[in-house]
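Keep the 3D view open as you read.

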There are 2 protein chains.
Amino acid sequence: MKMARTVGFALVMWAAVAALRPVAADEGMWPLNRFRAAPLQQKYGFTPAPQWLQNAQLASVRFARGCSGSFVSPSGLVMTNYHCAVACIEALSTEQSKLLETGFYAETATDERRCPGMELNQLTTITDVTDRVTAATKGAEGDRFGAARKAVFAVIESECAKDDRVRCEVVTLYHGGKYDLYSYRRFQDVRLVFAPEFDTAFFGGDPDNFMFPRFNLDLAFVRVYDGGGPLVSSHWFPWSPAGASAGDLVFVTGHPGSTSRLDTIAQLEFERDVRLPTHLLFYSEARGLLTEFEHRVPAEARLARAQLVFIENTLKVLKGELDTLADRTQLDRKRAEETELRRQVAARPELQQRFGGAWTAVSDAIDRKRDLWKRSAAFSRLTGSELFAQAQTLVRMATELSRANEQRLPEFTNAALPARRQQIEATRPYSTELETLVLAHALRHIREQLGLDDPAVKALLGRRAPDEVASSAIQATTLRDATARVALMKGGQAAIEASQDPLIALAKAVDGFTRESRRRLEDEIDARVDKNIEAIAQARFALQGETVYPDATFTLRLTYGTVKGWNEAGRDVVPFTTFAGLFDRHTGSAPFNLPKRWLDRKSAVALSTPFNLVADTDIIGGNSGSPMIDRVGQIVGLIFDGNIHSIGGEYLFDPSKNRSVAVDSRGIKEALRSVYRAERVLQEIDRR
Amino acid sequence: MKMARTVGFALVMWAAVAALRPVAADEGMWPLNRFRAAPLQQKYGFTPAPQWLQNAQLASVRFARGCSGSFVSPSGLVMTNYHCAVACIEALSTEQSKLLETGFYAETATDERRCPGMELNQLTTITDVTDRVTAATKGAEGDRFGAARKAVFAVIESECAKDDRVRCEVVTLYHGGKYDLYSYRRFQDVRLVFAPEFDTAFFGGDPDNFMFPRFNLDLAFVRVYDGGGPLVSSHWFPWSPAGASAGDLVFVTGHPGSTSRLDTIAQLEFERDVRLPTHLLFYSEARGLLTEFEHRVPAEARLARAQLVFIENTLKVLKGELDTLADRTQLDRKRAEETELRRQVAARPELQQRFGGAWTAVSDAIDRKRDLWKRSAAFSRLTGSELFAQAQTLVRMATELSRANEQRLPEFTNAALPARRQQIEATRPYSTELETLVLAHALRHIREQLGLDDPAVKALLGRRAPDEVASSAIQATTLRDATARVALMKGGQAAIEASQDPLIALAKAVDGFTRESRRRLEDEIDARVDKNIEAIAQARFALQGETVYPDATFTLRLTYGTVKGWNEAGRDVVPFTTFAGLFDRHTGSAPFNLPKRWLDRKSAVALSTPFNLVADTDIIGGNSGSPMIDRVGQIVGLIFDGNIHSIGGEYLFDPSKNRSVAVDSRGIKEALRSVYRAERVLQEIDRR
């Protein structure tokens, strides 16, 4: 699994390469309004018709918290990954009904259960707003550039988002070369239909994560409701009767979170030397804490486990990225490509004059970034505590709502407010012990990064120890109760000021520092970097035209490729696994233990059925839950991971080794039929 | 604290700098037989007499497990850091007598209690054996070079170590430019005399570690016994009646563990990109595990805490090192220095021919090092479990003793055997839960680093989970009992083969893999690197003569400097703190809580007495417990740490910011007198 988008992923890079040689046919994450059909036609003799592309767009959905999915029936049934629905499955579990252990299947429509806080978005329109943004930021330098851009974004988004059912986002493509307005239909009544057991979905656990051969049923079905009943979904992907074979052309639609293929060397070195090590250390410690926590507080192990899965996945990604950047050969190649692009720019005086200074300007900004970034990153740990995150949202919302829309932080503009409100209103369980652990860890980390005598540290801790502050605040807070949160939200600034809640107090105490740190990072560094990266993008357009795909932006992209394995250290890896392989790998020890239901029903399973498969489609974190479809737009697989070489896809696409990992459509049906006997779902996806 | 030598510290660097400009007067860790008096005389008008140097050598002691200390009375009393004795203090604690909480003071001679496993070494002679080693390795290439050197070391050490009371080590200086034989007198009957409470010794804990202003009584006194009674120590340092003032010349003797000031850029990049991140991740996770373990198993929190202190210290060091190497300015300067040295070599054809290829040869070896190193490092985690370490020693000893002395692993040569036997025989408590945690972590880590299908992983785990393997092995092992270990040791190969002990079985199962991995790393990489680093050292001698000090080697060194503060971001840091500052910093919350005894006796304390101080002496991990002495060889302080800038001392000495941190000799006496009322110790150190 594990393609869920990890917050904090960095931006930008492969186009430095792309600027210098033609993009290989099977590479590229293409926005649907900027899809280049020519190379596809050239290599595969296939050009998707407009209605093919339109169906691909409208049958795809985005999970607001960072995943992909697709409609697979005309009645709003959505296929995604188990790991994209795990928070829902966990929230619907109780002491009596341990859904992580048993799985979930709604035998009848009325058994479908609402997922608290889950929001799905369907992309309805894309509008190019480049001219409007460029006009608004024209001539602005440094922090004024960022402020001007933020303001015009807020205006455009607010004009677009006329009611709560619409979500609008201005998307920055090519780091500023182009700006598109994406308008989504929002769905907030989403109900769980089917999920297997945790042990089946995550079979092989962290050891097998990003590996192949692979044996995961990383699958969930949810259903979108509209007005109390199932949504009538006019666009959906039918199920392929035959599935895919090795060598077949396949497509993937989905929402890759971010890539850094256009980064400059200075940015990549910052990643390698500062950002990746800092996150890796923090998450490694968190992994240790949660691993022991599972033993210490077995009653809350369930919640801890979900976090641990997330953290171990994050760690594997960050480690893979660091390994890629620590590979001298790769970085030297990047360096040579940057040098070549700079040489081409320098060779044309009009380009040199407009864009020639951009690389040095980026590098200078990065040199001043370290301390500001570290401070800001340290503060961001606080919201690892979901209760603290609620407190911070409440404190900030009260302040932000007193400001004009275009002067607010982006997450509190009118366009973004519905999502904030939903966060505050959603009812879900909080573990006191786990929240305490997470908040205490964040506080210790902040003290460590900023030092004892930093005023922000003093504001947070006073003369108390981090564990003490965390424990007393989490114990005494009323914020685990949605009605208390809603009351504070409705009470506005006065209610926040009057509140004696210790988490509200903590959020208030540190808010000035965190805002200031964020503002300085955004204005003094990020805005300057962005402006110059935009210049580099424009230099590239001037040299190449718009033949390069933009870095990923957690917006809908189309990618294509072939079902095929690869060669690993001299050994050929075949592109399919089967149920037979799954049963072979079962040892009975976690994470290689199949649930009893599987063992009991083994004799009913057609063991040679394909289970998982790989293809050289170009995906990355955020593509989790993406449908894999064939030429005629039928489901042949469900993306849930990439192989270990796919992690380097953050910085470059290596066609010889980078592979997407999917559940085979035939495997899904075989499991639903022979193991789960989920006839209702089977019948629904078999409708044509 | 925290200058205890961390196993795994890397090697070599500042001489690349030193080759190019004269060494600043206050820089340098000088072996006592290679001390350069001229710059000292020039700057301070002082030249130590031969008997001054001899007393400095014989009054200094090395803790075999990685610390320094000094005789401070003619009756074998040794002063060192609390954190160098903490394993003893912990081992002597019981449910009834919690010495970490209460501290320890032997009011009478008979109350002094033996520290299990503690060994002290006193350096008696140094002999230059360069010619003999060079002759033995002449013409050997690649792995044969390493083997030949290992063999001649074993012969020389074995000739020297005639009985168990002598420890002999051939020390490789300048990474092979020179070889000196160090002969030590071994003391194994060492008894605890005095230690304060943990909270006083570690006041400020990890947050204050490597910081200054500082307020730690990181002090312990132990006594060396010989033949059942106190050792008559003919060499010792008397206590200074007046202490030191700002601006005073001071000296430090001690055992810096290792430095990397002579490393090539390729080696430094390996540190930055591979070694430091790998260790940081492992230890960060361990920190998380132990932090929660303290809550989960309060009964064993005592043991966990000592490990946690070690790990947090290690993390701070590794992070400081990574920060130094991630600083582009510093690394670019190093790069320029290397380029300049290579240029000077290239300018002289006879040097170019002999040494010109050395840098590329190092770089080529480093390129092939990554996988081998990662494998070897992963295996090394196993011995984090002290019980597994016992099992491995027993398994290997049985094999090694069947071989000729010069063909054994270095830790099983005749010279090294007494220490191995002592390890096996020492009686100490093992925590079942903690040992399980550590071993399980190591097994998970190995599986993660090597992959599920690696034969070594299969040998260790079979079809079981890491936690299961660790838990059942630690539960069932008999090795926590010293008599069982001694029986296995005496039984030799036959006893090991017949043993059904699960930890012995685990050690046997993996031994072939770990030996092979170590052999390949040493022969294919390290030996090649060493040989070429030796060539670089010789090129440097040819250009400069022997005016450069060798990198640290955990052998006795003399360094000197001045008591003085530094400027931190525009603010002057004064070089002394006082007891008043200590009481001010007391909050009552760990780690800023003074024991009740201190609060009760505050009125008796002369609050203006100097407590901690800093000087610009050149020290590093391993110098913990070093005496700070004045011109006449009197104790003025006790080294226990460096400031945060001292960590970069691994790679270079920055005279403007690098400071050693010590307990002031006046502070020690004031605490002994007014807080601990330790009259017997006071009288002994006041003898002249």
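In this predicted model, the largest nonpolar core holds 378 residues. Those touching the most other members are A:Ala85, A:Ala391, B:Ala85, B:Ile89, B:Leu192 and B:Ala391. Pick out A:Ala391 and look around it: leaving aside residues up to four places away in sequence, A:Ala391 touches A:Leu479, A:Leu503, A:Ile504, A:Leu506 and A:Ala507.

Now step back and compare the two chains.

Next, turn to the place where the chains meet. Here 29 residues of chain B are in contact with 29 residues of chain A. On the chain B side, helix H10 (265–296) and helix H18 (432–450) each supply at least two residues, and H10(B) gives the most, with 16 residues. Sorted by class, this side of chain B has 13 nonpolar, six polar and 10 charged residues. Because 100% of the interface residues of chain B are also interface residues in chain A, the copies meet through the same surface.

Finally, find A:Arg370, which sits in helix H15 (residues 369–380) of chain A. For a sense of distance, look from A:Arg370 to A:Gly247: the two are 123 residues apart in sequence and 47 Å apart in space, C-alpha to C-alpha.

Definitions and conventions: Residues are numbered from 1 along each chain as its sequence is written. Chains are lettered from A and ligands numbered from 1 in the order in which they are written. This is a predicted model: local features need pLDDT of at least 70, side-chain atom pairs count only at pLDDT 80 or more; totals for chains, interfaces and linings use all residues. Helices (H or I, at least four residues) and strands (E, at least two) are DSSP runs, numbered from the N terminus. A nonpolar core is a set of buried Ala, Val, Leu, Ile, Met, Phe, Trp, Tyr and Cys residues joined through C-beta atoms within 7 Å. A residue is buried if 20 or more other C-beta atoms lie within 10 Å of its own, exposed if 12 or fewer, and partly exposed in between; C-beta atoms are placed from the backbone. Two residues are in contact if their C-beta atoms, placed from the backbone, lie within 7 Å. Ala, Val, Leu, Ile, Met, Phe, Trp, Tyr, Cys and Pro count as nonpolar, Asp, Glu, Lys and Arg as charged, and the others, Gly among them, as polar.
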